Amino acid sequence: MQVIKQYIEDNKQRLLDELFELLRFPSVSADPKYAPDVLNAADYVAKKLTDAGADNVEICKTAGYPIVYGEKLIDTSLPTVLVYGHYDVQPPDPLELWHTPPFEPTVRDGKIYARGACDDKGQFYMHVKAFELMMQTNTLPCNIKFMIEGEEEVGSNNLGIFVKANKERLKADVVLISDTSMISMENPSLETGLRGLSYLEVEVTGPNRDLHSGVYGGAVANPATILAKMIASLHDDNNHITIPGFYDDVIELTQTEKDELNAAPYNEDEYKKDLDIAEVWGEKGYTTFERTGTRPTLEVNGIWGGYIGEGAKTVLPSKASAKISMRLVPNQTSEKITQLFTDHFLSIAPKTVKVKVTPHHGGEPVVTPTDSIAYKAAQKAIAEAFGKQPIPTRGGGSIPIVALFEAELGIKTVLMGFGLDSDALHSPNEKYDIFNYYKGIETIPLFHKYFAELSK
């Protein structure tokens, strides 16, 4: 441990400067105008993997953005860890809500503010620097492979093709991912599961053109009003989702599982204060931890239609649209839920409008075993680095490729994230604590150490 701490201390500023360089690339995979920046970010990742000591570093082309691969195979008799991360980021919009430019990392109160600071540049880059640390101190105890992609924020559509075509190349004993969060640095935790995802877009069309709201209002159905009513009907008074069959495959937690989950530290007053809300909201009969980690949800991610510019324009819009995401839990599947939503949404549309549902992407829910060698290695690593045992939690987000790795490579994943729920992922003013960044670099080599030892 002393060797690890000393290396970080000796290279502290450089480790931070390099992350800042990575954060300056506006690698937004969702918007084609950023394509050159996404590719430049891939080049930077490849260079830094090479500099850190990785062999066979390659920028692997796909039908979309490339996957950066690198490896260090020191002994075939030793276990192999496959590190996954992504260098693409969410769009920074709305720009006016950022206190500082999203792609010019700024430190305030010990926190790095930038798009991608936590999701996932700050987190995956910890692994690159932890690998460098082990190489420079001659302490790498096992084989390591890196697969850093550029399309996670748009559904990882080409990753499955790459994985299927490179099964031998990606052969490993465990996948290690830092793209999740902890309860806090005072209460470290390990996520034992993630929700799945069904993401789609709906469009409601009324008249064949925008209309004068005085001349036609009251005689022609307003698509924005109809869409609002349809979306509102998707939850009942108990905030239960009303789509027929939606809950058919949901596995309820046992009372023991509920007790363990709710034993994690939680202060509702602080939770509400942090978000500036008067009350929490959700499915009746469940706690906040249960709602955010073990129950399926349906959320509107964006809604638009008609005139939204400055001043007034009295228009009855021709179209109104919304983007909707549903988080899924075991044993729901994204394909079935997408179909259930589509069938239901079309069925509740009045004859005054036409409705179109377009699926975008999805992923399956996963639960990671807590009795595996890899999970125990992560427990020991966090316990040593933080001085206390990590609390097992369920993550509310989705990393669709976790199920893909298990299906195609036959290996489980360890979710060892160092972010915080308050890091404003996907929002303006995303942040990542400098302390967390260094703590990750300190903890990751310990994972490799214990994974190698426990695998003997």
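Let's start with Leu-275, which sits in helix α8, residues 268–275; helices here are DSSP runs of H or I with at least four residues, strands are E runs of at least two, and both are numbered from the N terminus. Leu-275 is partly exposed, at 46% relative accessible area. On that scale, buried means under 20%, exposed means over 50%, and partly exposed is in between, with a 1.4 Å probe and protein chains only. Together with Tyr-266, Tyr-271 and Ile-277, Leu-275 makes a nonpolar surface patch of about 330 Å². Patch residues have over 30% relative accessible area and no salt bridge, with like charges joined within 9 Å and nonpolar side chains (Val, Leu, Ile, Met, Phe, Trp, Tyr) within 5 Å. The areas come from the Shrake-Rupley method with a 1.4 Å probe, and for residues only the protein chains shown count as cover.

A word on ground rules. This is a predicted model, where local features need pLDDT of at least 70 and side-chain atom pairs count only at pLDDT 80 or more, while totals for chains, interfaces and linings use all residues. Residues are numbered from 1 along each chain as its sequence is written, and side-chain values use heavy atoms, with hydrogens and water left out.

On to the charges. Side chains of opposite charge can pair when their charged atoms come close. We call it a salt bridge when a side-chain nitrogen of Lys or Arg is within 4 Å of a carboxyl oxygen of Asp or Glu, and by this rule the count comes to 25. One of them joins Lys-167 and Glu-408, 3.2 Å from N to O. That pair links distant parts of the chain, 241 residues apart: Lys-167 is in the loop between α5 (159–165) and β7 (174–177), and Glu-408 is in helix α12, residues 401–409. Lys-167 is partly exposed, at 39%.

Lys-319 and Glu-203 also form a salt bridge, at 3.8 Å. Lys-319 lies in strand β14 (residues 319–328) and Glu-203 in strand β10 (residues 196–205), so this pair ties together parts 116 residues apart in sequence.

There is also a salt-bridge network, linking Arg-14, Glu-18, Lys-47, Lys-48, Asp-51, Lys-129 and Glu-132. So is Glu-132 buried or exposed? Glu-132 counts as buried, at 6% relative accessibility. Its place is in helix α4, residues 121–136, and its side chain makes a polar contact with the side chain of Tyr-7 at 2.6 Å. A polar contact is a pair of N or O atoms within 3.5 Å; within protein, one must be able to donate a hydrogen and the other to accept it, and residues adjacent in sequence count only if both atoms are side-chain atoms.

Last stop: Asn-436, in helix α13, residues 434–454. Asn-436 is buried, at 1%. Leaving aside neighbours within four places in sequence, Asn-436 is in contact with Met-126, Met-185, Phe-418 and Leu-420, where contact means heavy atoms within 4.5 Å. A polar atom of the Asn-436 side chain lies 2.9 Å from the backbone oxygen of Phe-418.
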